[in-house]
2 protein chains.
Amino acid sequence: MTYDLALAALADPTRRQVFERLAAGPRSVGAIASGLPVSRPAVSQHLKVLRAAGLVADRAQGTRRLYFIDRGGLAALRAWLDRFWDDSLAAFQAEVERPATTRKKGNQP
Amino acid sequence: MTYDLALAALADPTRRQVFERLAAGPRSVGAIASGLPVSRPAVSQHLKVLRAAGLVADRAQGTRRLYFIDRGGLAALRAWLDRFWDDSLAAFQAEVERPATTRKKGNQP
DNA sequence: GCTTACCGTAAGTCATGACTTACGATCTGG
DNA sequence: CCAGATCGTAAGTCATGACTTACGGTAAGC
């Protein structure tokens with residue numbers, strides 16, 4: 001459903017670091033920012049994107065705000081990938097072992 | 001392993017369209033570009049990124065070049081997501097049903 | 001061999017977004 | 001009630017990357 005937002009959100013390396021820190025357990029914004037090479041407002045903006053993608057959720061706790069993983073975004077992404085995995089199986093297996101020259105990955109000079 | 005390249009590649013909407021067209025079966029560059037709102041060189045550049053991410057592979061066929069899905073990139077992405085799915089389970093379930101107010105998704109004005 | 005078709009790359013333009021500092025809002029403790 | 005702590009947002013800067021047109025290179029057909 002919103003797999004596109006989840007993809008765009010997780011494409012950024014800093015945002016992935018924020019997300020991975022949350023996978024270890026709920027954290028406050030300041031706790032996430034400390035140790036990261038960016039400022040705390042930057043982390044707030046990243047969390048806003050992650051929340052819009054359904055990847056994290058938050059809960060007020062006093063003057064602080066605890067963020068934690070929301071499985072919804074991950075589930076949407078997994079569903080999209082799995083649909084792709086199945087759809088591309090026939091198209092891929094028709095080409096996988098072919099006698100012709102097949103260049104893959106990297107751009108060799 | 002190279003899940004970061006796959007994420008960055010699939011984050012772009014045009015590149016996703018290219019990728020989805022390939023999921024239906026192998027296509028030449030011109031066949032992919034026709035119907036897309038971008039030029040053929042743009043498609044070539046997108047295919048270069050997709051190939052570097054291990055998401056597609058190509059094979060020369062005469063003066064044309066057939067591109068098709070490479071499951072390697074999708075597998076790397078799935079593996080990364082699944083690892084996350086497991087790691088975040090405990091952290092998530094500790095917060096999922098909590099009596100406190102929990103705001104999720106979207107940025108309501 | 002020459003033309004045509006198909007493709008990759010170079011160079012340049014322009015918008016997007018990731019960051020910063022500055023400010024205002026909210027909640028808690030004394 | 002005031003001081004401090006924690007956070008979100010506004011405004012502005014700067015790099016990245018998605019696109020264009022132009023060009024060169026290779027393979028097939030006549």
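In chain A, strand β2 (residues 56-61) is joined to β3(A) by six bridges, and the two run antiparallel. Strands here are DSSP runs of E with at least two residues, helices are runs of H or I with at least four residues, and both are numbered from the N terminus. Two strands count as paired if DSSP finds at least two bridges between them. This is a predicted model, in which local features need pLDDT of at least 70 and side-chain atom pairs count only at pLDDT 80 or more, while totals for chains, interfaces and linings use all residues. Residues are numbered from 1 along each chain as its sequence is written, chains are lettered from A and ligands numbered from 1 in the order in which they are written, and side-chain values use heavy atoms, with hydrogens and water left out.

Within this pairing, A57(A) stands opposite F68(A) in β3(A). β2(A) and β3(A) form a hairpin with two residues between them, and G62(A) in the turn has a positive phi of about 65 degrees. Strand β3 (residues 64-69) of chain A also pairs with strand β1 (residues 27-28) of chain A, through two bridges and again antiparallel. There, S28(A) faces L66(A) in β3(A).

Chain A has five helices and four strands in total. From the N terminus on, their order is α-α-β-α-α-β-β-α-β. Of the 109 residues in chain A, 44% are buried, where buried means under 20% relative accessible area, exposed over 50% and partly exposed in between (1.4 Å probe, protein chains only).

The next topic is DNA strand C. A residue is near the strand if one of its heavy atoms lies within 4 Å of it. There are 22 residues around DNA strand C, and R15(A), S39(A), H46(A), S44(B) and Y67(B) come nearest. Of the atoms of DNA strand C within 4 Å of the protein, 59% belong to sugar and phosphate.

The table gives polar contacts, which are pairs of N or O atoms within 3.5 Å; within protein, one must be able to donate a hydrogen and the other to accept it, and residues adjacent in sequence count only if both atoms are side-chain atoms.

| Side chain | Atom of DNA strand C | Distance |
|---|---|---|
| R15(A) | phosphate oxygen | 2.8 Å |
| Q45(A) | base oxygen | 3.1 Å |
| S44(B) | phosphate oxygen | 2.3 Å |

The elements that give two or more residues to the surface near DNA strand C are α2 (13-23) and α4 (40-52) of chain A, together with α3 (29-33), α4 (40-52) and β3 (64-69) of chain B. The largest share, five residues, comes from α4(B).
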